[in-house]
Amino acid sequence: MTTEDIPTTSGLADFVVDGKTYQTFYIIYGDLRNLGKRRPLVGLHGGPGFSHHYMIIPVVLYDQIGNGASSHIRDAPTEFWTLELFMNELENLLKHLGIQDNFDLLGHSWGGMLASAYASIRIPSGLHRLIIANSPASGPLMMQGFNDLLDLLPGNAAEIVRSNEAAGTLQDLDYQKTLEVFQKKHICALDPWPQGLVDSFEEYKKDQTVYLALWGTLEFQLTGNLKDWSIIPSLAQISVPTLLLSSPQDEIQPVAYMPFFEHIPKVKWVDIPGCSHVAMYEAPDRYFDALISFLNV
């Protein structure tokens, strides 16, 4: 059965921030009322500032505020966009759907940063299993891994990137071509890219507010609100069984994700060979086998 064969429902959940009401768009694969002994799996997309389209993981997916079909807030100050905001939104959606007492959580990329923070800081009693996929435990460590990979690109690629980022000439053709080479090697090696991933990139291009606030304007320097972020000191507080997923060619390198394995008490680590950042597309059988075996224990 593919996701096209599964009945879906979608809706909007009101999300109140400082007295203003925004809306979170969500889509549900299957029926939350007839799960039997299974728990709903909630997927947190990456970015920051992408949309749910590329995730292709039932049961519950949603667009984080500022993205996709959820409310867009282009005039909010940079300090509006915080990890706390997105944890509040997740908590609000869980309550809206009535699953806050019994759920599993999967976060990919930025979604894994959000998921690990929610699990270790909020310590939700209804969370049973956690999946952290292709995610860093620290902003600075993520940038260290990015730059290590940049140095491995052929020719003067690293010099092109660093000189243009230093000068702010981000529309330089050589700079853009180098970014494309990096993305095709370390984000998705498939050609062409899967439509779901293309859709998420298109949504990101429509409104980059969240990305610019949390990440910043540069690809190899983290200058936004996440530049000093680290969840490492809190990881020991995650008490639920946790699955850590990684891939050798991923832009998220071992220096950035190994703290999850080293500090979470009940953790299983699965590295999916031959893949980059989106193993759910590049090696779907191995990826979903790892998920299903972990969730069905």
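Contact here means heavy atoms within 4.5 Å. All views show a predicted model.

**View 1. The eight-stranded open sheet.** The strands follow the order β1-β2-β4-β3-β5-β6-β7-β8, and their pairing is mixed. Strands β1 (8-17) and β8 (267-271) form the edges; each has a single partner strand, so one side of each is left without a neighbour in the sheet. On average, neighbouring strands are turned by 20 degrees against each other, direction ignored.

**View 2. Strands β2 and β4, with helix α1.** Strand β2 (residues 20-29) runs antiparallel to strand β4 (residues 60-63), and four bridges join the two. Within this pairing, Tyr26 stands opposite Tyr62 in β4. Helix α1 (residues 83-97) packs on the sheet, where it touches β1, β2, β3 (41-44), β4 and β5 (103-108). The direction of α1 makes about 130 degrees with that of β1.

**View 3. Strand β7 between β6 and β8.** Strand β6 pairs with β7 in the parallel sense over four bridges, and β7 is joined to β8, also in parallel, by five bridges. Thr242 of β7 takes part on both sides: Thr242 is the bridge partner of Leu130, and Val267 in β8 is the bridge partner of Thr242. Strand β7 is mostly covered, with five of its five residues buried. Thr242, Leu244 and Ser246 are buried on one face, and Leu243 and Leu245 are buried on the other.

View 4. In helix α8 (residues 254-263), the buried residues are Ala256, Tyr257, Met258, Pro259 and Phe260. Among the elements that cover these residues are the helices α2 and α3 and the strands β6 (127-133), β7 (242-246) and β8.

**View 5. The largest pocket.** The volume of the largest pocket is about 1000 Å³. Its lining comprises 40 residues, of which Gln183, Phe201, Tyr204, Tyr211 and Glu219 are the closest to the centre. By class, the lining has 24 nonpolar, 10 polar and six charged residues.

**View 6. Helices that line the largest pocket.** At least two lining residues come from each of α2 (110-122), α3 (139-152), α5 (173-186), α6 (195-206) and α7 (209-214). Helix α5 gives the most, with seven residues.

Definitions and conventions: Residues numbered from 1 in each chain as written. Predicted model: local features only at pLDDT ≥ 70, side-chain atom pairs only at ≥ 80, totals over all residues. Heavy atoms only, no water. Pairing = 2+ DSSP bridges. Axes fitted to C-alpha atoms, helices over the stretch in contact; angles between N-to-C directions. 1 Å grid on protein atoms, 1.4 Å probe; cavity = no way out; pocket = protein on both sides within 12 Å on 5 of 7 lines; lining within 4 Å. Points joined across faces, edges and corners; volume = space filled by probe spheres on them. Nonpolar A, V, L, I, M, F, W, Y, C, P; charged D, E, K, R; others polar. Buried < 20%, exposed > 50% of the residue type's maximum accessible area, 1.4 Å probe, protein only.
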